[in-house]
Amino acid sequence: MYFSKKNPEQTIRTMEKTNKKKNHKAPVDVSVVRTGMDVASLKLGINEHLLFQQGIGIEDASLNDVYQAVSLAVRDRLMQHGLKTIDTVLHQKDVRLVSYLSAEFLAGPQLGANLVDLDIYDEMKQAVEELGFDLEKVIAQEPEPGLGNGGLGRLASCYMDSLASVEIPALGYGIRYEFGIFDQVIADGWQVEITDKWLRYGNPWEISKPEHSVDVKFGGHTEQFADTDGCTRVKWVPAHMVKGVPFDTPEMGYGVYSCNFLRLWKSEAVESFDFSAFNHGDYFKAVMQKVESENISKVLYPNDEMLQGKELRLKQQYFFVSCSLQDMMRMHLEHGGKAKDFNKRWAIQLNDTHPSVAVAELMRLLVDKHKLDWETAWNTTCKTMSYTNHTLLPEALEKWPIDLFSHLLPRVMEIIYEINRRHLDEVRSRFPGDDARLSRMSIIDEAGPRYVRMANLACAGSYAINGVAELHTELLKQQVLQDWVAMYPNRFFNVTNGVTPRRFIVLSNPGLSKLITKSIGDTWPGKLDELRRLEDFAGNETFRKEFRKVKLENKKKLAVLIKDRTGIVVNPNSLFDIQVKRIHQYKRQHLNVLNIVTQYLRIKQNPSVEIAPRTFIFGGKAAPGYRLAKLMIKLINSVGEVVNNDPDVKDRLKVVFFPDFNVSNAQHIYPAADLSEQISTAGYEASGTGNMKFSMNGALTIGTLDGANIEIREEVGNENFFLFGLTAAQVEEARRNGYDPYYIYQHNEELMEVIDMINSGLFSNGDPDLFRPLTDTMVCHDTFMLMADYPLYIACQDMVSETWKNPAKWDKMAILNVARMGKFSSDRSIREYCQKIWKAKPFRIE
């Protein structure tokens with residue numbers, strides 16, 4: 001319906017009435033409609049988009065209509081900053097831009113975050129209320145773009161927020177997946193994957209830029225020829241081409257005028273319709289090229305167990321890297337740059353190994369397209385690229401079969417061979433006679449079936465390599481990349497991860513934000529070190545009461561959500577013990593379950609035993625093909641079903657699996673946590689960022705000395721952190737000494753009873769074999785040291801319970817956690833990248 005059914009004339013005059021203009025023929029001030037920040041201007045902008053873009057009046061608008069209009073009105077205000085930022089910096093010859101290449105960007109909902117960044121949350125709330133709607137419900141209407149699997153993508157989005165906030169000109173580059181990470185539904189305790197249709201109603205934040213589309217080559221063969229100067233050149237004759245179409249999303253800084261862009265690429269066919277095939281009745285062939293081309297940006301991380309899946313993932317990686325490099329080169333040349341000086345304009349950060357093919361692709365562009373000699377091109381490439389490693393797990397250091405790589409990217413494979421030849425010559429000259437080192441450092445894995453090692457390619461072509469927490473960087477240098485450290489010691493740095501406080505405190509926890517602002521002023525979201533001033537309030541009884549009240553209100557809100565999503569009723573006055581993250585054996589959700597079963601066993605043995613009431617909340621997704629991780633989800637739900645319904649428990653324990661953990665749900669969960677479970681096996685977690693978000697919101701941590709836990713403990717104080725477990729060094733020592741988990745199982749009576757209770761069928765409707773694959777891995781193999789850490793974990797959990805019984809002590813510890821988290825702002829991380837690696841400087845947009 002285009003006009004109000006009640007009053008058609010009212011719809012036509014909506015904007016004039018909103019702007020309080022008496023003469024409806026007077027022209028509307030476009031600058032007010034598009035850029036005004038006051039309530040009247042925001043209402044005007046919303047009504048304009050409703051009427052002229054969506055074709056509906058406010059009286060007939062649905063909640064989604066209003067969400068779209070509000071988002072478009074906010075986007076208007078972002079775009080003026082974004083266009084000015086990019087135009088200004090590209091005209092400055094001495095400004096170096098950062099290009100952040102990432103296969104994932106887990107941005108989360110945009111509306112609330114953008115209102116915070118523009119500092120118009122309250123004005124928009126009033127504007128929407130005056131139009132008859134509730135802003136919180138409008139914000140909740142936004143679908144979440146699931147363009148990431150977890151920490152990697154969320155970190156990339158935090159960094160995009162901070163790049164703009166510390167005024168570093170930057171572009172993020174990735175893939176505009178049509179279907180992101182699956183939505184998770186729990187059925188009979190099992191995870192079920194549902195398609196993530198985040199684009200079903202469109203995306204108001206993005207703007208398509210088809211005029212900047214680029215072509216990407218695949219398959220075919222190469223041909224040598226002599227150019228006009230007599231130099232031998234190589235021409236790539238592709239079997240087919242794919243078009244990359246960019247979609248731009250503005251990324252606004254907080255408290256500044258800088259606004260960068262996230263540019264995501266959609267794959268399309270160069271020719272989407274074969275008219276001749278259609279006329280000859282071959283209707284499938286007529287659209288086949290369109291279907292095959294669009295598959296590249298169809299799904300985040302297709303299953304790569306089959307060859308077709310591997311090929312599609314490699315296509316995805318090369319597609320977005322090639323599109324991005326061509327785009328950067330276009331901008332560089334259009335603004336007076338020369339190809340050999342590409343590194344002076346761009347600093348490219350490879351976010352893990354997924355975009356590592358950028359090293360070879362930039363060489364291809366410089367040598368084949370821009371006619372640079374090899375040495376000049378290599379010098380430019382190595383001064384452009386830097387590489388962040390995010391894992392110590394061997395399976396995450398990607399390798400591609402040579403046959404697949406050569407078939408799909410023949411010219412890129414030739415360039416990798418030449419990079420490797422020259423690289424190994426350099427290794428030989430530095431370490432003569434060391435064939436084992438040559439084999440380890442080769443970009444081509446020759447041990448058995450031949451592969452391209454993408455991490456080695458990234459290391460060879462990058463001037464800087466960094467880990468993401470102090471322990472991770474040291475283990476990286478000692479265990480994974482020790483040969484590269486010996487070869488290039490000056491390339492290695494540590495930049496500990498951080499998170500944006502704007503989303504994870506200001507937006508997620510308004511009660512705490514208001515309390516902090518009332519106590520220390522309003523500049524802390526952009527200067528998180530100012531939280532230190534809260535230390536003075538940790539001993540203040542009035543402040544502690546207000547702090548506890550905020551926490552209780554957050555827990556009540558989460559309790560309502562839990563009942564709505566799961567049907568389980570929880571007590572907000574109980575200790576909220578929360579573990580939300582990707583489900584994986586090294587993250588040890590099953591160790592948490594062993595504690596729950598231990599507490600349950602103690603109640604069954606002595607129903608009157610005094611136990612501090614506790615609600616255990618889990619959340620996270622298991623990879624669709626990860627059988628044991630999915631079994632862990634089933635175990636959590638099955639234990640919960642028994643514990644939650646046992647009259648002996650009397651609500652002293654509750655177990656909840658919160659389905660479909662994502663950024664939206666995280667914003668409800670982090671502020672409500674009392675205890676944060678960071679219990680990964682020491683030496684496995686690169687950094688973690690959930691640990692930071694929990695602590696910023698006043699949760700105490702129970703954790704191992706793993707990842708960023710070490711640095712969090714150093715900051716908040718040993719006395720404000722519940723530490724347990726083996727260290728990374730002790731884990732390695734135990735393995736060297738013949739670690740025997742079955743011996744521990746046999747000699748720890750309580751542990752044996754817990755494992756045997758799980759194996760009895762009590763939690764599986766009498767089926768003793770359902771969870772046997774999990775318990776067997778713990779008792780017989782125990783790669784992740786659950787048996788060794790179990791008694792230490794249980795003792796530490798008992799200490800948690802005792803501390804919880806002293807509210808004044810607990811609240812003081814929680815307040816000090818908040819006060820001492822300034823280091824873990826992603827603003828600090830970005831400043832460190834700029835100083836240590838990118839050599840990029842802030843550029844003020846007036």
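Lys 805 is partly exposed, with a relative accessible area of 39%; here buried means under 20% relative accessible area, exposed over 50%, and partly exposed in between (1.4 Å probe, protein chains only). The side chain of Lys 805 meets that of Glu 802 in a salt bridge, at 3.1 Å from N to O. A salt bridge is a side-chain nitrogen of Lys or Arg within 4 Å of a carboxyl oxygen of Asp or Glu, and the structure holds 62 of them. Side chains of opposite charge can pair when their charged atoms come close.

This is a predicted model, in which local features need pLDDT of at least 70 and side-chain atom pairs count only at pLDDT 80 or more, while totals for chains, interfaces and linings use all residues. Residues are numbered from 1 along each chain as its sequence is written, and side-chain values use heavy atoms, with hydrogens and water left out.

**Arg 411 and Asp 368**

- A salt bridge joins the side chains of Arg 411 and Asp 368, with an N to O distance of 2.7 Å.
- This pair links distant parts of the chain, 43 residues apart: Arg 411 belongs to helix α17 (residues 410–430) and Asp 368 to helix α14 (residues 358–369). Helices (H or I, at least four residues) are DSSP runs, numbered from the N terminus.
- Arg 411 is buried, at a relative accessible area of 9%, and Asp 368 is buried as well, at 13%.

**Arg 532 and Glu 715**

- Arg 532 forms a salt bridge with Glu 715, and their closest N and O atoms are 3.3 Å apart.
- Distant parts of the chain are linked by this pair: Arg 532 sits in the loop between α23 (510–520) and α24 (541–566), and Glu 715 in helix α29 (residues 709–716), 183 residues apart.
- Arg 532 is partly exposed, with a relative accessible area of 37%; Glu 715 also counts as partly exposed, at 23% relative accessibility.

**A salt-bridge network**

- A network of salt bridges links Lys 209, Asp 248, Arg 263, Asp 327, Arg 330 and Glu 334.

**Surroundings of Glu 123**

- Glu 123 lies in helix α7 (residues 121–130) and is partly exposed, with a relative accessible area of 30%.
- Not counting residues up to four places away in sequence, Glu 123 touches Met 37, Val 39 and Leu 42, where contact means heavy atoms within 4.5 Å.
- The C-alpha atoms of Glu 123 and Lys 137 are separated by 16 Å, and the two residues are 14 residues apart along the chain.

How values were computed. Helices (H or I, at least four residues) and strands (E, at least two) are DSSP runs, numbered from the N terminus.
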